[in-house]
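Here is a quick tour for anyone meeting this structure for the first time. Have a look at the sequence and the model, then read on.

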Amino acid sequence: MVPGTVNELSKHDRLILDIEKTSPSHIERESLCERIGLPIGRYSGVLEGLADTDAAYSYAPSVVERVRRLRSERFAFERRQRRWQRLLH
């Protein structure tokens with residue numbers, strides 16, 4: 001985890017966390033990205049990065065916990081499918 005306080009979150013970070021609190025549709029995410037000038041392809045990467053900060057956890061713990069849980073489930077699935085081994089060879 002990257003230490004930090006809620007005050008260290010940018011306005012865009014808070015907007016992303018706020019929209020994720022509402023279980024947004026893809027269209028809502030695209031609209032937000034357009035508004036803040038973030039390429040839609042980078043949205044999930046930014047969200048994943050936020051999930052690793054204490055500041056984001058302090059601001060939106062339910063969102064951070066959900067992102068971490070989904071990431072953990074995705075990694076566990078990849079391990080079960082042994083997909084990670086293909087990357088090593």
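Contact here means heavy atoms within 4.5 Å. Keep in mind as well that this is a predicted model.

Is Leu 9 buried or exposed? Its relative accessibility is 6%, so Leu 9 counts as buried. Setting aside neighbours within four places in sequence, Leu 9 is in contact with Arg 14, Leu 17, Leu 50, Ala 55, Ala 56 and Tyr 59. Take Tyr 59 from that list: Leu 9 and Tyr 59 are 50 residues apart in sequence, yet their C-alpha atoms are 8.8 Å apart in space.

| Helix pair | Axes come within | Crossing angle |
|---|---|---|
| α1 and α2 | 11 Å | roughly 170° |
| α1 and α3 | 11 Å | roughly 95° |

What do those angles tell us? Angles over 145 degrees count as roughly antiparallel, and 65 to 115 as roughly perpendicular. So α1 and α2 are roughly antiparallel to each other, while α1 is roughly perpendicular to α3.

Which residues do the meeting? Between α1 and α2, His 12, Leu 15, Ile 16, Ile 19 and Glu 20 on the α1 side meet Glu 28, Arg 29, Leu 32, Arg 35 and Ile 36 on the α2 side. By class, that contact has 5 nonpolar, 1 polar and 4 charged residues. On the α3 side of things, Asp 13, Ile 16, Leu 17, Ile 19 and Glu 20 of α1 meet Tyr 43, Val 46, Leu 47 and Leu 50 of α3. The contact of α1 with α3 divides into 7 nonpolar, no polar and 2 charged residues.

The loop between α1 (11–20) and α2 (26–36) is where you'll find Ser 23. Most residues other than glycine have a negative phi. Ser 23 isn't a glycine, but its phi is positive, at about 55°. With 59% relative accessibility, Ser 23 counts as exposed.

Now for the inside. The largest nonpolar core has 19 residues, and Ile 16, Leu 17, Leu 38, Tyr 43, Leu 47 and Leu 50 touch the most other members. At least two residues of this core come from each of α1, α2, α3 (40–50), α4 (54–59) and α5 (61–80). Which helix gives the largest share? That's α3, with 4 residues. As for Leu 38, leaving out neighbours within four places in sequence, Leu 38 is in contact with Ile 16, Cys 33, Tyr 43 and Val 46.

Stay with α3 for a moment. Its buried residues are Tyr 43, Val 46, Leu 47 and Leu 50. They cover an arc of only 100° around the axis, so they lie on the same side of α3. The buried residues of α3 pack against α1, α2, α4 and α5.

One last stop is Arg 71, in helix α5. Why does Arg 71 count as buried? Buried means under 20% relative accessible area, and Arg 71 has 15% relative accessibility, so Arg 71 counts as buried. Leaving aside neighbours within four places in sequence, Arg 71 is in contact with Glu 48, Ala 51 and Asp 52.

Notes
Residues numbered from 1 in each chain as written. Predicted model: local features only at pLDDT ≥ 70, side-chain atom pairs only at ≥ 80, totals over all residues. Heavy atoms only, no water. Buried < 20%, exposed > 50% of the residue type's maximum accessible area, 1.4 Å probe, protein only. Axes fitted to C-alpha atoms, helices over the stretch in contact; angles between N-to-C directions. Parallel < 35°, antiparallel > 145°, perpendicular 65-115°, else oblique. Nonpolar A, V, L, I, M, F, W, Y, C, P; charged D, E, K, R; others polar. Core = buried A, V, L, I, M, F, W, Y, C linked by side-chain atoms within 4.5 Å. Arc of directions from axis to C-beta.
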